[in-house]
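I opened the model to look up a few residues and write down what I found. These are my notes, in the order in which I made them.

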Amino acid sequence: QVQLVESGGGLVQAGGSLSVSCAASGINFGIAVMGWYRQAPGKQRDLVASITSRSTTTYADSVKGRFTISRDNAKNTVYLQMNSLKPEDTAVYYCNALVSGTYFPTRYWGQGTQVTVSS
């Protein structure tokens, strides 16, 4: 059974920092493309950052230079370090795993963790 369990969300003041993590089980973590998405109320779920099995990273323009995604394959865990947080970063943050299959890739989601940035 695949599980992606996020932790570390919370409330922080603007300009502060927060780190969220996602522990994965039931997948071949080493080959998975891991990502963080976020969804604010009334808005669509958007990609924040992703990291490939070779640790190639991509970021949304809105978080470049402020957020850092990383992974620890020994711990099956992906992290998102968020610095210089802004109120517009407030959202539910979802961990995502994209795993290659025999015929097609499969995407898995965590349950989400709330990040709230106060002004």
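I started with N76, which I found in the loop between β7 and β8. Strands here are DSSP runs of E with at least two residues, helices are runs of H or I with at least four residues, and both are numbered from the N terminus. The model is predicted, so I kept to its rules: local features need pLDDT of at least 70, side-chain atom pairs count only at pLDDT 80 or more, and totals for chains, interfaces and linings use all residues. Residues are numbered from 1 along each chain as its sequence is written, and side-chain values use heavy atoms, with hydrogens and water left out.

I looked up the backbone angle of N76 and got a positive phi of about 50°, although N76 is not a glycine. I noted this because most residues other than glycine have a negative phi. N76 has a relative accessible area of 26%, so I put it down as partly exposed. The cut-offs are under 20% relative accessible area for buried, over 50% for exposed, and partly exposed in between, with a 1.4 Å probe and protein chains only.

Next I went to the loop between β5 and β6, where S55 lies; β6 covers 57–59. S55 also has a positive phi, about 70°, and is not a glycine. Its relative accessible area is 44%, so S55 is partly exposed.

S53 lies in the loop between β5 and β6 and, at 35% relative accessibility, is partly exposed. R54 is in the loop between β5 and β6 too, but at 77% relative accessibility R54 counts as exposed. From R54 to G30 I have 24 residues in sequence and 8.9 Å in space, C-alpha to C-alpha. From S53 to Y94 I have 41 residues in sequence and 19 Å in space, C-alpha to C-alpha.

Then I turned to the aromatic rings. How many aromatic pairs are there? The count is 2. Rings of Phe, Tyr and Trp (its six-membered ring) pair if their centres lie within 6.5 Å; planes under 30 degrees apart count as stacked, over 60 as edge-to-face and the rest as tilted.

Y37 is buried at 16% relative accessibility, whereas W109 is partly exposed at 35%.

The other pair is Y94 and W109, whose ring centres are 6.5 Å apart with planes at 90°, so this pair is edge-to-face. Y94 lies in strand β9 and W109 in strand β10, so the parts tied together are 15 residues apart in sequence. Y94 is buried, with a relative accessible area of 14%.

The charged end of R45 sits over the ring of Y94, 3.6 Å from its centre. R71 lies over the face of F29, at 4.7 Å from the ring centre.

My next entry is the largest nonpolar core. Such a core is a set of buried Ala, Val, Leu, Ile, Met, Phe, Trp, Tyr and Cys residues joined through side-chain atoms within 4.5 Å. The largest one has 29 residues, and those with the most contacts inside it are M34, W36, V78, L80, M82 and Y93. The largest share of this core, 5 residues, comes from β9.

Last, I looked up A60, which is in the loop between β6 and β7. A60 has a relative accessible area of 18%, so A60 is buried. A60 and Y37 are 23 residues apart in sequence and 9.8 Å apart in space, C-alpha to C-alpha.

Conventions. Lys NZ or Arg CZ within 6 Å of the ring centre and 35° of its normal.
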